[in-house]
Every structure is written in C-alpha cells, then in structure tokens.
Amino acid sequence: MGSASAHVKLAQGVALSFAEPFRDYFNSLVHPSVRQDPLTAARHRAFIAPRLLGALLALAALPVYLVVRGVPSVLEIAVFAWLIAPILIAFFLSRTGRYEAAHLLSAFALTAIVFAVSYRTGGISSFAAIWLVVVPLEAALSASRRCVLVAAVFALTAAGILLAMQEIGAVPPYNLADHAGLAALGIVSAALYGTALALGAEAFARASLQMRHAEEERYRLLARNMTDVITRHGRNGAVLFVSPAAQSLLGARPDELMESGLFDRVHVADRPAYLSALADAAHGAPQSVEFRLRRSKDGVASGMEFVWVEMRCRPLDDCANQGPVPEVVSVIRDISDRKEQEQALEAARIESERAHAAKTRFLATMSHELRTPLNAIIGFSEMLSNEAEMRIDAARRREYARLINDSGNHLLAVVNGILDMSKMENGDFEITPEPFAPARVVSNCCDILALRAHDAGLELVMRNADNLPDIVADKRAFKQIMLNLLSNAIKFTNRGGSIVIATRVEGERLAVSVEDTGVGISAADLPRIGSPFFQARSTYDRRHDGTGLGLSIVKGLVALHGGELEVKSELGKGTTICIYLPLDCEAVAPRRGNPLMPIELPRRQQDTPDQMPNELRVRKSA
C-alpha cells in the first residue's frame, strides 16, 4: 500500500512538472488588464487554452489523417483550414482583452463551419446540424447575456437558412447511408463537445465559488484582526453587520450592537451628527464624523464612560443588494488618544495665553508699584536738596525722610517678593527649620498690623488654643505667611468689618485660619487664587493696590513645609484662608521643584459640576 501511494505521488509530481510550462505559457497570454482579477483571469485562460490546444492537436493529426484517408475532399480541406480560426481568436483575446468580442467571433466562426459542413452533407438533416445547438452553449461560458443572445441568433439563422434551402432544393444531394460512420462520428463528437462545455461550466462555477469563499475568508480574517470596527447600515441607520473588533473597542458582542444597539450607545448630544452622517452617506456623499460611544466594562454597560471615535462612512458598492434606500458601510476608529492630545494642546494654548496675560499684568503692576514710591523718593529728595530755597523746617525734613524711608522699604518689599517667588518657581528657595512657639509669632504679627487695622476701622480678634506646642518650621517663613494673610484680610475688608485669627492643633498638624468679613472671592476667580500677580475682583469690580504676590508666596511657603492651604469664600460675605503645617516639617517630605502649582478645585465622588463647593485646596505632595 505504501509503495502504491508513493508511485501515485511520484506520477502526480511528474504530471505537475510537465504541466507547469504550459500553465505558465497560458498565464502569459492573459491580457495585462485582467491579471489582477483572479476570476476574470481564469475566464480568459479557460477561453484561450482549449482553443489553442484543440486546434494545434487537430492540425498535428492532419498528416496521419492524410495517410489513412488519402486525398482529402474540398470540404475536408475547408474544415482543416477552419482550425486556424480558434488560434486567431485566442490571440485576439490575448492582445486586446475583449472577452465578449472574442466569444462573439468564436460563435460566428463555429456557426460558419457548421453551416458549411451541413450544406455539403444534406442540409438541415445533416449530422453536422446538431452542432448548431453547441453554439449558444459555448457562448454561455462568457457569463454575458448579450453573447448568448447573439450566438443563439447565429445558430437559428443558420438553421433557418439550411431549412429554407432544403425546402427549395438548393442543397446538393448527399447519401447519408454511404457515410453512416462519419454521421455517427459527427453526432458523438457534438455530444462530447457539449458535455465538455457543461463540465467546463461546472468547473468554472466551482472555481468561482472557491475564489469567492477564499475572498470572503480573507475579508473575515481582516475584519477579525483589525482594531477598527466595520459596520453595515440599512434603513434609518439600523446596523446589519458589525465586525468582531467591537468587542475590544466597546466591550460588547457584535450581536448586542445590531439594529439600534449601536445607536443606543451613542452619546445623546452626538446622535444628530451620527444620523446626519449616515443619511448623507446613503445619498452618495462620503462622510466623516466624530462622536462619543459608551463603553462596557466587564460586560456591564457603564453610563459614565465614553470613548471618542471617528466614523468614516460611504455607500455600499454592492449594487446587487441595493434596495430603495442604499446601504452604508462605515469604519469606526478609536481616537481617544488623539482627543487627549488635542485637549493637551488646548490646555497648553490656554496656559500660554495665561502666561502672556500674567506677563502683561506683571509689567502693568510693576510699573505702578515701582513708579509710585520712586516718584515719592525722587520728589522728596529733590525738596531736601533744595532745602534753602524751599525753607523747610526740621519737622518737615523728618516727615520727608520718613516718607522716603517708607517708599524705600516698599520698594524693598516688592523686590524681595519677586525674588522669593522666583526662587520658589525655580525650586531654589530653602527653608531653615527650627523649633519655636507659633502663638507668639501670630501674636507678634497681630501687634504689627493692629494700628493699620484700627485705622481701617476693623476689629482684629485673635483666638489661640490653650497649650499650643512648639513646632519645627522656618520661623521667618511662618511670620511672612501670617503677615501676608493678615495684610490681605485688612486690604479686602471694608470699614466696620472684623478679622479673626485662630490657631489650633489637628492631629499632627498646626491649623491657622484667618477669617474676614470682606468682599469675598467669586467662584470664577477662586481657581486662580494664589497665581502670581493675580488679584480677584470684588463685588464692585474695585482693584486694590499691591503686586498680587502675597497669597502666591503663602502658597509656596506652605508647600515647602509639606503643608496644605485651603480657601473658602463667598462673594460679599467674606473669605476664610486656613493653612495646615506639620508640627515637625523635617519629619515629612516637603514639595520639591516648583511649589507654585496651579490650584484646582477638589471634586468629591458625588459632586456634579453644578454642586462644586466654593473652596480651594493646595495639597501637599510626597
């Protein structure tokens, strides 16, 4: 058994190697315009190969026929001469690629030779007349209704002419009994040729079906392995097909997205754009639209998780399946990463605009904050230099000197604030922790600003908890924090208001709050509190003097201690700023790098955008 199988395989190998040159030759005869289409190329090969082989074999048998038959008749010479026609028609198709024209020429040539043989061998009753049936059968292989109809017209016309000629006696006499063998051969050959045509049609249909299945399998393979989702839509956007990639993109099985399943997952705000794109595509205009689709997590639809996708859709090219409303095919691609990049670019643009505005605000603020004290210094110093002409007495000289000193100190404070802020932004600001009593520092700061508060008509109240422990922090920085907070509270509180300073211990942290009954801060300005040079606007849109660095420096110093800052405010009712510092700042990791990060509103799990608390925190980072 094994030996027989080996012999069979060997014979198959020899046959394949023998047929390989012929197959390559016939492939080379296929017109270049159809070589890329496997099905059309197979049709051309099926037309060229049998005509070339059959005609060449028949011509090769001519010498043997002459030896056996002897001198041929005129009819036999015509038949052998006709064998050149299939060769010429095959080369016509090879050079032009005109498949239907080649079939029509072949049908005409076959009809002509059958008509000639039938005329010479008895007319319509000739054994060769049966070949007229083969003419439309051969044309059927073209898969063209036009070719079949024309071939049928050729055959019927030839049959009609033969019948008419036989009726009027124009057919030469022919004794069929004397050529019974030849008649039998003609009938058998016609039957065999018809059978060959039927088998060829069946083989061609089977090959076409196999090619179609292979093509469909390739498309299925692509659809299964593509990350993009392919969908087909019918009337009203109903989904008729979804590729398996939907499982990875949306976490849903393709059958869950059929009909209106995909539409139900489109974000409500994006549904008009989604339907409009499908409707425009159904009318012949390719469309592209971006929208959000709900994604399922672990098989459960989550109403809050949406992914951005881009859908490109166009009419389906399969004209055979088009109904009153053309179908639409679309490709859906996840563009979440691209959207994140666009949002990052937009955020960078906004930040750039904000930086530009900060620069403009810085220049405007500095021009005011520097020019005003400089004018005072220059003016009063000029007056002192012209003391004789101005007749300035000693009291006025002391007053001018005090004003010059105050202006100089103001300039020094502005420059120191700018330098401190610059160091914090660059991460170069260093703190020197030491143990000290926070209550004493708070009390000292209140004493420093008590006169200023009294002149402004404000009540300054200090509430220190009993037995406050010493803390380990930078004493100078803590004092600056308190002075900046108190100065801001005095500046933004109207006459008759009050300011309450409270200190207490919460766990391992010292909490110091400064609460005023001032103008308050609007919700729009609250996220920007603590940004350098920013000043919130009050109820009456009144701007106050100052550089806008006070709270920014407070925020940076608190962060450098590893603490956090909290701002609560309501427009027209006042502001409460609370700082939380660790009792020992050396025991925690202070913020490294730039501590002046943007302030963001804390979002609680249950909060919606309309329920955000009007408060702000700068949290410590490890």
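**Notes on selected loops and helix contacts**

1. N467 belongs to the loop that connects β7 (459-464) with β8 (471-473); helices (H or I, at least four residues) and strands (E, at least two) are DSSP runs, numbered from the N terminus. The model is predicted, with local features needing pLDDT of at least 70 and side-chain atom pairs counting only at pLDDT 80 or more, while totals for chains, interfaces and linings use all residues. Residues are numbered from 1 along each chain as its sequence is written, and side-chain values use heavy atoms, with hydrogens and water left out.

2. Is N467 buried or exposed? N467 is exposed, its relative accessible area being 78% (buried means under 20%, exposed over 50%, partly exposed in between, with a 1.4 Å probe and protein chains only). The phi of N467 is positive, near 55°, although the residue is not a glycine. In general, most residues other than glycine have a negative phi.

3. E259, also not a glycine, has a positive phi of about 55°. This residue is placed in the loop between α10 (246-250) and α11 (261-265).

4. D228 sits in the loop between α9 (180-225) and β1 (229-233). D228 is buried, with a relative accessible area of 7%. Its side chain makes a polar contact with the side chain of R333 at 2.7 Å (a pair of N or O atoms within 3.5 Å; within protein, one must be able to donate a hydrogen and the other to accept it, and residues adjacent in sequence count only if both atoms are side-chain atoms). Leaving aside residues up to four places away in sequence, D228 touches S243, A245, V331, I332 and R333, where contact means heavy atoms within 4.5 Å.

5. The axes of α6 (residues 99-120) and α8 (residues 145-167) come within 10 Å and cross at roughly 15° (axes are lines fitted to C-alpha atoms, for helices over the stretch in contact, with angles from 0 to 180 degrees between N-to-C directions). The two helices α6 and α8 are therefore roughly parallel, a term for angles under 35 degrees. The residues in the contact of α6 with α8 divide into 14 nonpolar, three polar and two charged (Ala, Val, Leu, Ile, Met, Phe, Trp, Tyr, Cys and Pro count as nonpolar, Asp, Glu, Lys and Arg as charged, and the others, Gly among them, as polar).

6. The axes of α2 (residues 38-60) and α6 come within 11 Å and cross at roughly 30°. That makes α2 roughly parallel to α6. R43, H44, F47 and R51 of α2 make the contact with Y99, A102, H103 and S106 of α6.

How values were computed
Parallel < 35°, antiparallel > 145°, perpendicular 65-115°, else oblique.
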